[in-house]
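Please look over the sequence and the structure shown below before reading on. The report then takes up one region after another.

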Amino acid sequence: MTSARPVPFLKGHGTENDFVILPDPDGLLDLSAETVARLCDRRAGIGGDGLLRVVRSAAHPEARAMAGDAEWFMDYRNADGSVAEMCGNGVRVFVRHLERAGLVKPGEVAVASRAGVKRTHLAEDGSGVTVSMGAAVLPAGDVTVRVGARSWPALHVNMGNPHAVAFVGDLADAGGLLEAPGVEPANAYPTGTNVEFVVDRGPRHVAMRVHERGSGETRSCGTGACAVMVAAARRDGVDPAADGEDATYTVDLPGGSLVITERADGEVEMTGAAVIVAEGTVDPEWLRL
Ligand SMILES: N[C@@H](CCC[C@H](N)C(=O)O)C(=O)O
């Protein structure tokens, strides 16, 4: 990134999955992975699980083709600077920022992402944001998740980005999650994966922890909660496409709860909070690498 002027930023979170937000409507910032990692550093930077760059779709080569359907592109990066296809909590925070900045009105807002255009609904009363996340894809093949000497069978679920969902006896079984869990076979996830550990809380009610690719353990993951909902539904013998009936689950995460509905047409909808907590400018001298 080269910039002589202070760079505006905001900080926000969705169920405590927190993000540095960089408004860059004309796509002028040259954001390297190293710069993203510095901004997301919790001690030496602003701090965040990831970064949301807010760019007009027409101004970004990866989003130009979506500009007719979605004016804004969510350029999402993980805390280590890696690029990811999609971020469920991030897209809610992204539209909350657009609304707060007067760039969109409450109601329907389409957002371009690397996983395609996502349709969102911003409640008039400023409460939650609902996102149509697309249909879950369940690639065939057995997957195993390992932490130390323990292992669990897992379900491979793709929500635009990859997930391995393991049902465990107790969320503490996953241990400290200071390192990425092992996932086998390695070739099931050529670009790595997010890993979810899940327990039951009641009928259509589960709780989870997540280790995110590129960010470590986070307090919430929207795409992860959608993957968990679909995995729990299939385990429970619930398949809305076959049953002809929508199914709704509550997914508790360390940072809050998300309500996930899988519709009979396959669409997975997620509803949850989205909050902007601060805004300011980044010192250009500090940002210079
Ligand atoms: N926290 C996000 C997911 C962010 C991307 C993920 N770490 C990946 O690399 O796929 C969410 O809320 O979905």
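## The opening strands

Strand 1 (residues 7-14) pairs with strand 2 in the antiparallel sense over five bridges; two strands are said to pair if DSSP finds at least two bridges between them. Strands (E, at least two residues) and helices (H or I, at least four residues) are DSSP runs, and they are numbered from the N terminus. This is a predicted model, in which local features need pLDDT of at least 70 and side-chain atom pairs count only at pLDDT 80 or more, while totals for chains, interfaces and linings use all residues. Residues are numbered from 1 along each chain as its sequence is written.

Within this pairing, L10 has I21 of strand 2 as its bridge partner. The hairpin of strand 1 and strand 2 has two residues between the strands, and in that hairpin T15 takes a positive phi near 45°. Strand 2 is also joined by five bridges to strand 3 (residues 50-56), and these two strands run parallel. Between strand 2 and strand 3 the chain passes through helix 1 (residues 33-40), and this β-α-β crossover is right-handed, which is to say that, with the strands pointing away from the viewer, the path from the first strand over the helix to the second runs clockwise. The bridge partner of F19 in strand 3 is G50.

Is strand 2 largely enclosed or exposed? Six of the seven residues of strand 2 (residues 17-23) are buried, so this strand is largely enclosed by the rest of the structure. A residue is called buried if 20 or more other C-beta atoms lie within 10 Å of its own, exposed if 12 or fewer do, and partly exposed in between, with the C-beta atoms placed from the backbone.

## Around the ligand

There are 19 residues around the ligand, and of these A84, N89, N161, G222 and T223 come nearest; a residue is counted as near a molecule or strand if its C-beta atom, placed from the backbone, lies within 6 Å of it. Helix 2 (88-100) and helix 3 (222-235) are the elements that give two or more residues to this shell. By residue type, the shell around the ligand divides into three nonpolar, 14 polar and two charged residues, where Ala, Val, Leu, Ile, Met, Phe, Trp, Tyr, Cys and Pro count as nonpolar, Asp, Glu, Lys and Arg as charged, and the others, Gly among them, as polar.

Where does the ligand lie in relation to domain 1 and domain 2? Domain 1 (7-128 + 274-287) and domain 2 (143-267) both give residues to the shell, so the ligand lies between them; the domain bounds come from an automatic or database domain assignment.

## Helix 2

Helix 2 has 13 residues and reaches 19 Å from its first C-alpha to its last, which is close to the 18 Å expected at 1.5 Å a residue, the expected span being 1.5 Å times one less than the number of residues. Helix 2 is mostly covered, since eleven of its 13 residues are buried, among them G88, N89, F94 and L98. Just after helix 2, G102 takes a positive phi of about 75°.

## Backbone exceptions in the loops

Most residues other than glycine have a negative phi, and most peptide bonds are trans. A cis peptide bond, with omega about -5°, joins E184 and P185, and P185 is placed in the loop between strand 11 (182-184) and strand 12 (194-202).

L177, although not a glycine, has a positive phi of about 50°, and its place is in the loop between strand 10 (162-167) and strand 11. R204, also not a glycine, has a positive phi of about 50° and is found in the loop between strand 12 and strand 13 (205-212). R204 has 17 C-beta neighbours inside 10 Å and therefore counts as partly exposed.

## Strand 7 and its partners

Strand 6 (residues 116-122) pairs with strand 7 (residues 129-135) in the antiparallel sense over four bridges, and T130 in strand 7 is the bridge partner of H121. Their hairpin has six residues between the strands, and there G126 takes a positive phi near 75°. Strand 7 also pairs with strand 17 (residues 267-272), again in the antiparallel sense, over five bridges, and V129 stands opposite G272 in strand 17.
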